[in-house]
Amino acid sequence: MIHIGCSGFRSSRAAYFQRLAAVEVQHTFYQPPKPATLEGWRAEAPEGFAFAIKAWQFITHRATSPTYKRLKRPLTEQEREEAGFFRPNDTVQAAWEATQASARALGAEAVLFQCPASFEPTQENVGHLLGFFGSAEREGRAFFWEPRGGWPPELVEDLCRELDLGHVVDPFTDETVTPDRCYFRLHGRRGWRYSYEDAELEELAGMLPEGAAAYVFFNNVDMMRNAVRFREIVEDAR
C-alpha cells in the first residue's frame, strides 16, 4: 500500500529494480518515450513494481516554460499558442492522449499533474481544471495534482473533492488536504543537495495514513539512499 521510490531512475533500471519497488517516471513530462520503449521497461520490472508518471508538460506548462528546453524537437506555432494550463484545445488533448498511451504501456497506477507557479488560482484556470478533469478518462488510475502559485488550501480541497484528485505536497513544507490519498514528493528541506537523517525519515513515516495507499518519492541529491532507508524504516514499523 505504501509505494516508495525516486523521481526518476537514479541508476541503471536493473539496479533500481533490485533496490526499490516504485518509481515516478520523469521522461513522460519532458518527452514521452515511444510506447514500445515503455512496454520494455514494464517487462524488465519485477512483479508488483509500481509506476507513477508525470503528465506531459504540454498539458500543464505554457510554451514559455524553461522545461521545454528538454523537448527533442522544435515547437510548432500551434503548440506555442496552445500549450499548457489545461486549456481546451487540440495541443492539450493530443498531449493527454500521449500521456494515456504512456500510462497504458507502463501499466501505471498513478498520473501526476505538476503545475508551475505561473498557474495561479484565477477563475479562468479553475474553469480549465474543471473542464479537463471532468472529461479525462482515468482507466482505473489515480490522479494527483501538485499546485503551486499560491492556491488557497480551501480551494485546493474543494477542487480535489469535486474532481477526485489527490493533493501532492512536500510534507516538510506543506500539509496535504487529502490525507487519505497521500502523494509526497521530497525535494530536500534546504534545497536539492539536502540529505535526510533517520530522525526526519521516522517523522515522515508518522505522516503516512493508516490503511490507505500512499506514494512517497524522493527528489534530492541523495534520493536513492534516502528512499531505501525510508523503506527500511517503514517496514520495521509494521
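**Ground rules.** I number residues from 1 along each chain as its sequence is written. The model is predicted, so I kept local features only at pLDDT of at least 70 and side-chain atom pairs only at pLDDT 80 or more, while totals for chains, interfaces and linings use all residues, and side-chain values use heavy atoms, without hydrogens and water.

**Entry: the barrel.** I looked up the overall strand order. Eight strands form a closed barrel, E1-E2-E3-E4-E5-E6-E7-E8, with parallel pairing. The twist averages 25° from one strand to the next. Angles here run from 0 to 180 degrees between N-to-C directions, with axes as lines fitted to C-alpha atoms. Strands (E, at least two residues) and helices (H or I, at least four) are DSSP runs, numbered from the N terminus. I call two strands paired if DSSP finds at least two bridges between them.

**Entry: strand E5.** I checked residues 142-146 for cover. Four of the five residues in E5 are buried (under 20% relative accessible area, 1.4 Å probe, protein chains only).

**Entry: E4 to E5.** I found five bridges joining E4 (residues 110-114) to E5, in parallel. Val-111 stands opposite Phe-143. The chain passes from E4 through helix H7 (residues 123-135) to E5 in a right-handed β-α-β crossover. Right-handed means that, with the strands pointing away from the viewer, the path from the first strand over the helix to the second runs clockwise.

**Entry: E5 to E6.** Two bridges join E5 to E6 (residues 166-169), again parallel. Trp-145 faces His-167 across this pair. Helix H8 (residues 153-163) carries the crossover, also right-handed.

**Entry: E7 to E8.** Five bridges join E7 (residues 182-186) to E8 (residues 214-218), in parallel. Here Tyr-183 stands opposite Tyr-215.

Notes. Buried < 20%, exposed > 50% of the residue type's maximum accessible area, 1.4 Å probe, protein only.
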